[in-house]
Amino acid sequence: VEAAGGGGGGGPPGSQGVIVRARLYCTARGVFRAEVNGAVVAREWLPPGWTDYAVRQPYVAYDVAHLLVAGGPNTLGAVVADGWYAGYIGWKYQREHYGPTPAFLARLVVEYAGGVVQVVVTDGSWAVTDAGPVREADMLMGEVYDARHALGRWSSPGYQPPDPAAWLPAATSPLLPWGEQGQGQGQGQDRGESAHSTASSSQAGAGPGQAGEGAGAMLQARASPPVIAHAEFHARDVWSPEPGVWVFDMGQNYAGVARVRVRGADAGQVVRLRYAERCVAPRGGLYTENLRTARATDTYIARGPPYDAPGTSTSTCRRPPPPCPALLAGAGWSPLG
């Protein structure tokens, strides 16, 4: 789900003159990727992390002064996915363990030369869509990315969606005023300001969720380090156990993501990447019995020429790739601390 906004008290963010400091505080029931003016705010994965959502809600603080344009316009946005909150966790083939509806909560505090402070929060003025390219995103099942639904620079000022009807006002539900239960926890307070924030809620394919879901948790600064990509791995060997299928041996197990470039694919062509820890035999197919019901499969649906797009490779493909290790790379994750 993509959500975008940028209004607030005193005009759009950045409209009051020279910016001396800007902090963006974000959290989610689920996981998120924040963007400002078309740029990703931080190169970290799965913020704000796993928590007992009924007890506490961790938030993350980002320095975004370098991403804002003094005098504006500026646009804030976020991609929100199920994560641990609403996605599959454990081995019982169960999702929505904490609740059915992912949500995003943000507060931008901009300080200007001369002492003026402006606060922008997520509210019902934000627009939300589930019509973007990410059709499914789950940590056990995998991601489905349909490049034919790419939204372009959706988090940039002046964006004109190809289908305006697909962008709806965000459903809001009270979570917690910034700085009440979270006061004194670190990044949540800026010079004593307090602004009531609401969460923009939507679930891909399901529409707005139930108001008040998960309310009452303590809002606290995240205590854990961010998860970042700390190393890049390349395939040590590649072989084809059957027609149209290639196995890439990365040399070791690791938690992370794959980076693949898909070229020359027809529009709608499906390229899949299945993950496993070992093979059934030397230079054989993947051993997946230990994955139980987890699909552990990323799917990329091509937009078609003339586009070249990063995506995820390859299980069945009408034009299988050559046995080249450089076709695929993996980024291994590690907490930064």
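Strand β6 is largely enclosed by the rest of the structure, because 6 of its 6 residues are buried. This is a predicted model. The protein chain has 1 helix and 25 strands. Of its 337 residues, 46% count as buried.

**Strand β6 and its sheet**

- Both faces of β6 are covered. On one side L76, A78 and V80 are buried, and on the other G77, V79 and A81 are buried.
- β6 belongs to an open sheet of 6 strands, in the order β4-β3-β6-β1-β9-β12. The pairing in this sheet is antiparallel.
- β4 (39-40) and β12 (168-169) stand at the edges. Each has a single partner strand, so one side of each is left without a neighbour in the sheet.
- One partner of β6 is strand β1 (residues 2-5), which runs antiparallel to β6 and is joined to it by 4 bridges.
- Within that pairing, A4 has G77 as its bridge partner, and G5 stands opposite L76.
- Strand β3 (residues 31-36) also pairs with β6 in the antiparallel sense, over 6 bridges. There, F32 has V80 as its bridge partner.

**Nonpolar cores**

- The largest nonpolar core holds 28 residues. The members that touch the most other members are L24, C26, F32, V36, V41, V64 and F104.
- β2, β3, β5 (56-63), β6 and β7 (103-112) each supply at least two residues of this core.
- A second, separate core has 10 residues, including F233, W246, M250 and A258.
- L24 touches A34, V36, V41, V60, A61, Y62, V64, A106, R107 and L108, not counting residues up to four places away in sequence.

- V20 lies in strand β2 (residues 19-29). V20 counts as exposed because its relative accessibility is 52%, where the cut-off for exposed is over 50%.
- Leaving aside neighbours within four places in sequence, V20 is in contact with E111, Y112 and A113.
- V20 and H66 are 46 residues apart in sequence, and their C-alpha atoms are 9.8 Å apart in space.
- L68 is found in the loop between β5 and β6. L68 counts as buried because its relative accessibility is 9%, where buried means under 20%.
- L68 is in contact with I19, A22, V36, N37, N74 and V110, leaving aside neighbours within four places in sequence.
- I19 and L68 are 49 residues apart along the chain, with their C-alpha atoms separated by 8.3 Å.

**A mixed sheet**

- An open sheet of 4 strands has mixed pairing and the order β10-β11-β23-β20.
- Its edge strands are β10 (134-138) and β20 (270-274), and each pairs on one side only.
- The twist in this sheet averages 10° from one strand to the next.
- β10 pairs with strand β11 (residues 142-146) in the antiparallel sense, over 4 bridges. In that pairing, D138 has G142 as its bridge partner.

**Aromatic pairs**

- The whole structure has 12 aromatic pairs.
- In one of these, the rings of W45 and W333 have centres 5.3 Å apart and planes at 35°, so the pair is tilted.
- This pair links distant parts of the chain. W45 lies in the loop between β4 and β5, and W333 lies in strand β25 (residues 328-335), 288 residues apart.
- W45 counts as partly exposed, at 33% relative accessibility. W333 also counts as partly exposed, at 21% relative accessibility.
- Ring pairs link F32, F104 and W126 into a cluster. F32 and F104 are also among the core residues that touch the most other members.

- Among contacts in the protein chain with a separation of 6 or more, 76% come from residues 24 or more positions apart.
- The accessible surface of the protein chain comes to about 16,000 Å². Carbon and sulfur atoms account for 53% of this surface.

Methods
Residues numbered from 1 in each chain as written. Predicted model: local features only at pLDDT ≥ 70, side-chain atom pairs only at ≥ 80, totals over all residues. Heavy atoms only, no water. Pairing = 2+ DSSP bridges. Buried < 20%, exposed > 50% of the residue type's maximum accessible area, 1.4 Å probe, protein only. Contact = heavy atoms within 4.5 Å. Core = buried A, V, L, I, M, F, W, Y, C linked by side-chain atoms within 4.5 Å. Areas by Shrake-Rupley, 256 points an atom, 1.4 Å probe, with all protein chains shown as cover. Axes fitted to C-alpha atoms, helices over the stretch in contact; angles between N-to-C directions. Phe/Tyr/Trp six-rings, centres within 6.5 Å; stacked < 30°, edge-to-face > 60°.
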